Amino acid sequence: MRVAFAGSPEAAVAPLRALAGSRHEVTVVVTQPDKARGRSRRPSPTPVGAAAEELGLPVLRPATINDPDVIAQIAGGGAEALVVVAFGQILRDAVLSRWPCINVHFSLLPAYRGAAPVERALMDGADRTGVTIMVMDAGLDTGPVIAAEETPVGEDDDAGSLVARLSQMGGPMLVRALDDLEAGRLASRPQPEEGVTIAPKITAEDRVLDLGRPAAELARRIRALSPHIGAVATIGGEPFKI
């Protein structure tokens, strides 16, 4: 099956590599534009962009995937489906109605719909999470579920370790879903109405540690923001990133 892939951060790299190593053909990779990173502030590709170049795959870096010219470029490659993993852009109807859009989401939906499912689960002290493969619709992670697999959340897990594990889980699940889509046997089920929670994007306020809160709560927040964001606190009048 000919498939376009949309993703940006490191979390999306393992699913991309799994797809590229399968019998399906990745026609194009769509990722966020290059950004200035590090002390040099030189523009550099997203992790997905770098992995796609390593794999010899064509890459698009549009300001928005919903641009008619971008949609035409994706369609020109003959894509029969679009896979989305932590892409970082909202897909509008022009995209959603053009292809079957399959999403790899890092929670057990309908829990933790939104941009920060791993971080919010860790902050809440969840003892389990997982990966859901779903068909995208116009809602916020509300589409029908194709498959879901669970993993425990360890006491020492932080966002880095948990995302890495979920990313590795998502690759084979994605390939199986595309196998079923190609064979015409893809089955999905509506998400239940019970158990819906929202995982909004992490803000500056989320990073601040209230040192008057219980130690266990503070530890969960530090783990949720490690290693990629970092919690912050003022101790003895000095700012610290933790």
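**Pocket, hairpin and helix pair**

Analyst: In this predicted model, the second largest pocket has a volume of about 230 Å³.

User: Which residues are the closest to its centre?

Analyst: The lining of the second largest pocket comprises 15 residues, and those closest to the centre are Leu-108, Leu-109, Pro-110, Ala-111 and Arg-128.

User: How does the lining of the second largest pocket divide by class?

Analyst: Nine of the lining residues are nonpolar, four are polar and two are charged.

User: Changing topic: how many bridges join β10 to β11, and do the strands run parallel or antiparallel?

Analyst: Strand β10 (residues 232–235) and strand β11 (residues 238–241) are joined by four bridges and run antiparallel. Val-232, for example, has Lys-241 in β11 as its bridge partner.

User: What lies between β10 and β11?

Analyst: Two residues separate the strands, which form a hairpin. Gly-236, in the turn, has a positive phi of about 60°.

User: Now the helices. At what angle do α1 and α2 pack?

Analyst: Helix α1 (residues 13–20) packs against helix α2 (residues 47–54) at an angle of about 25°, and their axes are 9 Å apart. Angles under 35 degrees count as roughly parallel, and α1 and α2 are therefore roughly parallel to each other.

User: Is the crossing left-handed or right-handed?

Analyst: The crossing in which α1 passes α2 is right-handed.

Note on methods:
Residues numbered from 1 in each chain as written. Predicted model: local features only at pLDDT ≥ 70, side-chain atom pairs only at ≥ 80, totals over all residues. Heavy atoms only, no water. 1 Å grid on protein atoms, 1.4 Å probe; cavity = no way out; pocket = protein on both sides within 12 Å on 5 of 7 lines; lining within 4 Å. Points joined across faces, edges and corners; volume = space filled by probe spheres on them. Nonpolar A, V, L, I, M, F, W, Y, C, P; charged D, E, K, R; others polar. Pairing = 2+ DSSP bridges. Axes fitted to C-alpha atoms, helices over the stretch in contact; angles between N-to-C directions. Parallel < 35°, antiparallel > 145°, perpendicular 65-115°, else oblique. Left-handed = near helix turned anticlockwise from the far one by under 90°.
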